[in-house]
Amino acid sequence: MTLQQLKYVIEVAGRGSMNEAAKRLFISQPSLSNTIRDLEDEIGITIFERTNKGISLSKEGAEFLSYARQVVEQAELLENRYLGAKPSPQHFSVSTQHYAFAVNAFVNLVREHGQDEYELALRETKTYEIIQDVKSLRSEIGILYLNEFNAKVMGRLLKDAGLAFNSLFTAKPHIFISIHNPLAKQSIVTIDQLHEYPYLSFEQGEYNSFHFSEEILSTLSHPKSIRVNDRATLFNLLIGLNGYTISTGVLSADLNGNEIIPVPLDCGESINVGWICHKDAVLSKLALAYVEELKRATTE
């Protein structure tokens, strides 16, 4: 087993394609494929499962990848310290539901730990895709929530994918509304008071089950309802249409300004927001740093 082989595995996993990885590594696709097959034969596991639709990490491959990243990181530290080698670009990816605090933590991560070169990814995406991204290690970490309603279904999906849920905080539901909304001056609002306002929620695409909704109380009917795909559009509609959405109440004025405010919602639900990763993963240095930034962003 060589460092070069480990670097090849990391690149293929990151690209999700032998072809794309080969281009980035400046080698032929057959040569890359053969090198990885040789490694699989040597260590006695299948790292990548190959189908007509492409490749994906096996369960054993995901565990292997987490250790490979650690070995390559340590080797690069030695090279940088004793051989004066140029540091390799840092790599880290996170997939998340549409939370401002996740973006805030990402900004702080880059400010504190970014080198001259890095290749990072922040994917605000659908709930099911977050689980798939982390399962395939397209992202090292995912951010989503559990509550009494979705915990059974989500827990089974996470278990089947070999993923672990790590709680960040538990929140009481709030609505996000414009400061100009008539409800903005209230200390708490009820469900009945919301009926005349447009309800805004995030589209979940093909997996549009109530259990994948980013908003709790997803089974309630709404006379006025609008689905959107991104947070900026949702916030514009909160202001332009006096709409509302249901979330954690954690908002970043630095990123979102002062036009949107949280108001507590009168209901008995709670929201357990956390981050997911592979159950047996050894997290990279940037992943560990990002988790710390998440904790800071949600407690300040």
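1. The side chain of H174 comes to 3.4 Å from the backbone oxygen of T248. That side chain also reaches the backbone oxygen of K172, at 2.8 Å. Both are polar contacts (a pair of N or O atoms within 3.5 Å; within protein, one must be able to donate a hydrogen and the other to accept it, and residues adjacent in sequence count only if both atoms are side-chain atoms).

2. On the source: this is a predicted model, where local features need pLDDT of at least 70, side-chain atom pairs count only at pLDDT 80 or more, and totals for chains, interfaces and linings use all residues. Residues are numbered from 1 along each chain as its sequence is written, and side-chain values use heavy atoms, with hydrogens and water left out.

3. H174 sits in strand β7, residues 174–178. Strands are DSSP runs of E, at least two residues; helices are runs of H or I, at least four; both are numbered from the N terminus. H174 has a relative accessible area of 19%, so it counts as buried. The cut-offs are under 20% for buried, over 50% for exposed, and partly exposed in between (1.4 Å probe, protein chains only). Leaving out residues up to four places away in sequence, H174 touches residues including T245, I246, P262 and L265. Contact means heavy atoms within 4.5 Å.

4. N150 lies in the loop between β5 (141–146) and α7 (151–160). Its relative accessible area is 2%, so N150 is buried. Beyond neighbours within four places in sequence, N150 contacts Y145, G155 and H211. S221 is 71 residues away along the chain, and the two C-alpha atoms are 18 Å apart.

5. Helix α3 runs over residues 29–43. Its 15 residues should span 21 Å at 1.5 Å a residue, and the end C-alpha atoms are 21 Å apart, which agrees. The expected span is 1.5 Å times one less than the number of residues. Buried in α3 are L32, S33, T35, I36, L39 and E40. They cover an arc of only 160° around the axis, so they lie on the same side of α3. The arc is taken from the directions from the helix axis to the C-beta atoms. These buried residues pack against α1 (3–15), α2 (18–25), β1 (48–51) and α4 (59–82).

6. Now the ends of α3. At the start, a side-chain oxygen of S28 reaches to within 3.2 Å of the backbone nitrogen of S31. G44 follows the helix, with a positive phi near 75°.

7. The structure holds 0 disulfides (a pair of cysteine sulfur atoms within 2.5 Å). C277 is buried because its relative accessibility is 8%. C267, at 21%, counts as partly exposed.
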